[in-house]
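Open the model in your viewer and follow the stops below in order. Each stop says what to select and what is there.

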Amino acid sequence: MLIRNGMVVLPEGRKRLDIRTHAETIIELGEHLNPEQGEHVIDASKLLVLPGFIDSHVHFREPGGTQKEDFLSGTRAALAGGVTTVLDMPNTQPTTDTQEHLSAKIALVAPKAVVDYGFYFGATDTNIDEVAQAAHKVAALKLYMGSSTGSLLVTEFSPIYRHFSTFPLRKPIVVHAEDEQSLHYFGTQGSQDHNQARPPISAQIALSRALAIAEKTGRSLHIAHTTTQRELELIQEARQKGVHVTCEVTPLHLFLTEADQQRLGNYGKVNPPLRSQSDQDALWHYLDVIDTIGTDHAPHTRQDKDQPYAQAPSGMPGVQTLMPLLLNAASSGRITLEEVVKRCVSNPARIFGLKNKGALEAGKDADIVLVDPEQEYEITDREILSKCGWTPFAGTHIKGKIEHVFVRGTLAYHKGAILATPGSGRAVQYVDA
Ligand code: DOR
Ligand code: ZN
């Protein structure tokens with residue numbers, strides 16, 4: 001296939017180029033490539049050409065929560081949003097914290113996936129040996145220092161330290177950095193304001209612990225969903241001291257604040273919470289410090305969200321709206337497409353060691369998205385392919401529409417239609433695995 005004359009977004013800049021693919025792979029990028037006989041040619045002269053996004057933080061709920069999402073609905077939502085690779089979190093039921101549970105999950109979801117996928121392994125107080133056996137099969141270890149949806153939680157120093165000192169050096173330990181003791185304290189003061197019940201200080205305390213442990217053990221630490229200025233300052237300072245720390249921000253925290261939480265009620269409840277306007281401003285101000293934009297796609301049914309505050313689960317869907325929101329932010333000049341591609345493609349591929357992913361270059365998988373930068377539309381609940389059927393971004397006006405999505409060279413989505421068949425998605429391979 002030859003994708004001709006598109007404006008190709010590379011991390012270092014934009015260029016008008018042709019891209020040739022063969023079977024599943026990109027084989028050539030260049031100017032004025034001549035079509036070969038019988039070659040399928042796509043005219044991209046009015047389109048942006050982006051690498052498929054890698055969402056390194058999704059909760060697809062399989063097994064155990066498939067009324068909220070399963071691997072088919074979750075990966076279809078990803079595909080419609082230009083996300084061609086996902087890394088799925090371990091807080092399923094059962095939790096992905098033994099080799100047996102990991103193997104069962106792999107077998108269960110493989111026939112359903114329509115984009116490529118990898119998994120996290122969950123840390124517990126006692127599963128050090130299981131982690132050692134499974135590490136080469138997963139993208140990363142996920143360690144919850146504060147409780148959230150599901151039962152995974154490690155709060156004591158000794159298991160945290162043991163996980164850090166034994167996990168393979170080349171893979172990241174991804175930490176949900178909210179401190180359990182302080183969550184307990186603030187959560188029992190009677191506030192129904194989620195940002196007060198799980199305040200910024202909880203994130204600051206957990207992050208400080210994690211940074212100190214990563215420094216001492218020399219491990220690679222990746223901080224999930226940073227939300228405050230203080231966290232980014234701490235990360236920057238640790239990095240200057242040589243700590244191997246990278247971090248993520250979610251579109252939820254980039255585009256919504258606690259004012260939206262008031263409007264959305266429990267539908268806006270997420271851990272860590274939507275923060276103040278000044279914290280959100282800091283995320284944009286410190287964008288240079290942020291390595292990845294992952295969605296924390298955490299679907300919950302309306303029925304779950306319609307319960308009273310204390311019972312309503314935390315989390316919002318996001319995998320389908322990641323690229324649209326960022327295209328729109330780029331079209332209004334808040335961020336450049338190059339900065340987006342670094343955080344949604346190149347950096348996640350590097351941090352999680354994803355083989356054949358991460359760039360529009362010869363030899364990589366042909367995961368390619370074509371976007372009409374001029375088309376405008378409004379996000380509505382109707383187009384949401386997640387089983388939850390709603391989005392906190394309903395009503396948001398977007399400039400820039402996804403037209404074609406190729407997964408490893410095959411047209412998998414075209415102008416609103418999912419063409420991929422269940423099982424066409426494949427498990428990612430890891431560098432050095
Ligand atoms: O709000 C959240 N929801 N935060 C998490 O850490 C987990 C997620 C979920 O799985 O629902
Ligand atoms: Zn999460």
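Select Asn91 and ligand 1: an oxygen atom of the ligand is 2.8 Å from an N or O atom in the side chain of Asn91, a polar contact (a pair of N or O atoms within 3.5 Å). The model is predicted, so local features need pLDDT of at least 70, side-chain atom pairs count only at pLDDT 80 or more, and totals for chains, interfaces and linings use all residues. Residues are numbered from 1 along each chain as written, ligands are numbered from 1 in the order written, and side-chain values use heavy atoms, without hydrogens and water.

Next, select Ser148, where an N or O atom of the side chain is 3.0 Å from an oxygen atom of ligand 1. At Gly315, a polar backbone atom is 3.3 Å from an oxygen atom of ligand 1. The protein buries 100% of the 290 Å² that ligand 1 exposes when taken alone (Shrake-Rupley method, 1.4 Å probe).

Now show the whole shell. How many residues surround ligand 1? There are 14, and the closest include Arg61 and Thr149; a residue counts if one of its heavy atoms lies within 4 Å. By class, three are nonpolar, nine polar and two charged.

Finally, colour domain 1 (2-49 + 362-418) and domain 2 (52-351), whose bounds come from an automatic or database assignment. Their C-alpha centres are 26 Å apart.

Note on methods. A polar contact is a pair of N or O atoms within 3.5 Å; within protein, one must be able to donate a hydrogen and the other to accept it, and residues adjacent in sequence count only if both atoms are side-chain atoms. Ala, Val, Leu, Ile, Met, Phe, Trp, Tyr, Cys and Pro count as nonpolar, Asp, Glu, Lys and Arg as charged, and the others, Gly among them, as polar.
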